[in-house]
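This briefing covers a ligand site, a helix pair and a sheet. The sequence and structure come before the details.

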Amino acid sequence: MTATDATAEQAPIALAVVGHTNTGKTSLIRTLLRSSRFGAVRDAAGTTRHVEAATLAAAGQAVLQLFDTPGLEDSIALLEVLQALRPSGAAAGRERLALLLQHAADYPDFEQEIKVVRQAACSDALLYVVDIREPVLGKYRDEIAILSMAARPLIPVFNFIQSDRQNLQRWRRAMADFNLHAVVEFDTVAFDFEAEKRLYQKLQTVLEARYAQLQALLDYRRQLWLSLQRSAAHQVAELLVDIASYRRTASEISHYCSRGK
Ligand SMILES: Nc1nc2c(ncn2[C@@H]2O[C@H](COP(=O)(O)OP(=O)(O)O)[C@@H](O)[C@H]2O)c(=O)[nH]1
Ligand SMILES: [Mg+2]
């Protein structure tokens, strides 16, 4: 291994969080950060307009850099544009994206989408967030076709999983058609650590060179989660003891009763 490889392996892993608008991309990052201050979350299209970054660290060492991106809005038209580009080499998808990025100024209608594909092209892996309440529409298939051109590992993250298990099966089958079998179920609202753990484990399988870094993050986050749970249990226990030991004298009660009449 060269010195450059060793340095590269220590660098944080860049993860682009991508997907259609309003699927919960910003919410996913907020959940991972345990912070409601990151970005803006709203039940409306186009809330995130620019790429924003956040870092997850283990014991002071930055491990993951999460890049929140605007929603892909018009993937059908963008895929047509990309397919009309005629690259000369064998790596057609990557070259098509490179051509689009080189000539970004010629495509003002795709300003948002170009921000997304630019980030995708310079990330180590992509988390493709899906609102599984939606049917598997052509525009979502086109999003995956575009993102695949970045030639980066892509992990679908199924969000809103509390809603409809049947749709989840449909989404699983659709992803399998794209050869995407390493998927994650992650409800950003009804969340537990198991989902976060699985996300890191899936990343370990697609980014093998980063296995140790991700394991350090997983172990660290598990400790954090356990201490959060312990302090929550402690507070609940204190509340129960306070309630159990609460006393009010009979004269006080009769005083309240007579005032209530
Ligand atoms: N019930 C539920 N609501 C969610 C979930 N994820 C996101 N939301 C809501 O969906 C809306 C869009 O989320 P946001 O994170 O802004 O989506 P983005 O446009 O992809 O960044 C917000 O109102 C969120 O509160 C989830 O897992 N469950
Ligand atoms: Mg957003």
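Helix α2 (residues 25–33) gives the largest share of the shell around ligand 1, three residues; helices (H or I, at least four residues) and strands (E, at least two) are DSSP runs, numbered from the N terminus. This is a predicted model: local features need pLDDT of at least 70, side-chain atom pairs count only at pLDDT 80 or more, and totals for chains, interfaces and linings use all residues. Residues are numbered from 1 along each chain as its sequence is written, while chains are lettered from A and ligands numbered from 1 in the order in which they are written.

**Ligand shell**
- Ligand 1 has 18 residues around it, of which G24, K25, T26, S27 and D43 come nearest (near: the C-beta atom, placed from the backbone, lies within 6 Å).
- The shell around ligand 1 has 11 polar, four charged and three nonpolar residues (Ala, Val, Leu, Ile, Met, Phe, Trp, Tyr, Cys and Pro count as nonpolar, Asp, Glu, Lys and Arg as charged, and the others, Gly among them, as polar).

**Helix pair**
- The axes of α4 (residues 92–102) and α5 (residues 111–121) are 10 Å apart, and the helices pack at an angle of about 125° (axes are lines fitted to C-alpha atoms, for helices over the stretch in contact; angles run from 0 to 180 degrees between N-to-C directions).
- L97, L100 and L101 of α4 make the contact with I114, V117, R118 and A121 of α5 (contact: C-beta atoms, placed from the backbone, within 7 Å).
- The residues of this contact are six nonpolar, one charged and no polar.

**Sheet**
- Six strands form an open, mixed sheet in the order β2-β3-β1-β4-β5-β6 (strands pair if DSSP finds at least two bridges between them).
- The edge strands, each pairing on one side only, are β2 (52–58) and β6 (184–185).
- Strands β4 (residues 125–131) and β5 (residues 154–159) run parallel, joined by six bridges.

Terms used: Two residues are in contact if their C-beta atoms, placed from the backbone, lie within 7 Å.
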